[in-house]
Amino acid sequence: MINAQYLQQQQDILNSVEFTDLTNPMYEDRRRRKSTILEDKQAISNMRIRRRAQNRASQRAFRERKEKHVQQLEQELGTLEAKHHDLQKSHSNLGEANDKLKQEVEQLRSEIRTLKTVGDGSSVLGSSPVSNDFDPFEQDGLFDAAGDFAF
């Protein structure tokens, strides 16, 4: 109960304090007059109250700025996670397509070797003879001897 009364008194004092610019020449008499000890103590008390209120306002503003920044970072994180997921999916799909193409290349190489081993020189596909030294994959320079890409 006493604490609530004290807080109310402090708030009343804070609300009743007049903020006057004493650097204005109009208030020169206030600047030059001698103050009493009681006035000094009251002025110091009022300054402390104002300073505390200013500190609370500054802290509140900082917390609000910090919260806004955290929200922006969380939103950016969500966007980046979605992009990462899409890239992983694309990478997986491209890897599967690459594996299928490698299998197809190996199958075609196997067929070419089979055609090269035909003993009489006639092609299984037609009547034209197949040259034993022809390999279309060796001519384009994209593959090495093991059948892998030569990049």
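This is a short tour of the chain, stop by stop.

Before you start, note that this is a predicted model, where local features need pLDDT of at least 70, side-chain atom pairs count only at pLDDT 80 or more, and totals for chains, interfaces and linings use all residues. Residues are numbered from 1 along each chain as its sequence is written, and side-chain values use heavy atoms, leaving out hydrogens and water.

**Stop 1: the whole chain.** Show it as a cartoon and you will find 4 helices and 0 strands, in the order α-α-α-α from the N terminus. Helices (H or I, at least four residues) and strands (E, at least two) are DSSP runs, numbered from the N terminus. Of the 151 residues, 9% are buried; buried means under 20% relative accessible area, exposed over 50%, and partly exposed in between (1.4 Å probe, protein chains only).

**Stop 2: a pair of charges.** Now select Glu-106 and Arg-113, which form a salt bridge with their closest N and O atoms 3.0 Å apart. A salt bridge is a side-chain nitrogen of Lys or Arg within 4 Å of a carboxyl oxygen of Asp or Glu. The whole structure has 1 salt bridge. Glu-106 counts as partly exposed because its relative accessibility is 38%, and Arg-113 is partly exposed at 45%.

**Stop 3: a positive patch.** Next, select Arg-48, Arg-52, Arg-56, Arg-60, Arg-63 and Lys-66, which form a positive surface patch. Patches are made of residues with over 30% relative accessible area and no salt bridge, with like charges joined within 9 Å. Finish on Lys-66, which sits in helix 3 (residues 37-116) and counts as partly exposed at 49% relative accessibility.

How values were computed
Patch = residues over 30% accessible without salt bridge, like charges linked within 9 Å, V, L, I, M, F, W, Y side chains within 5 Å. Areas by Shrake-Rupley, 256 points an atom, 1.4 Å probe, with all protein chains shown as cover. Lys, Arg positive; Asp, Glu negative; His and termini not counted. Charge placed at Lys NZ, Arg CZ, Asp CG, Glu CD.
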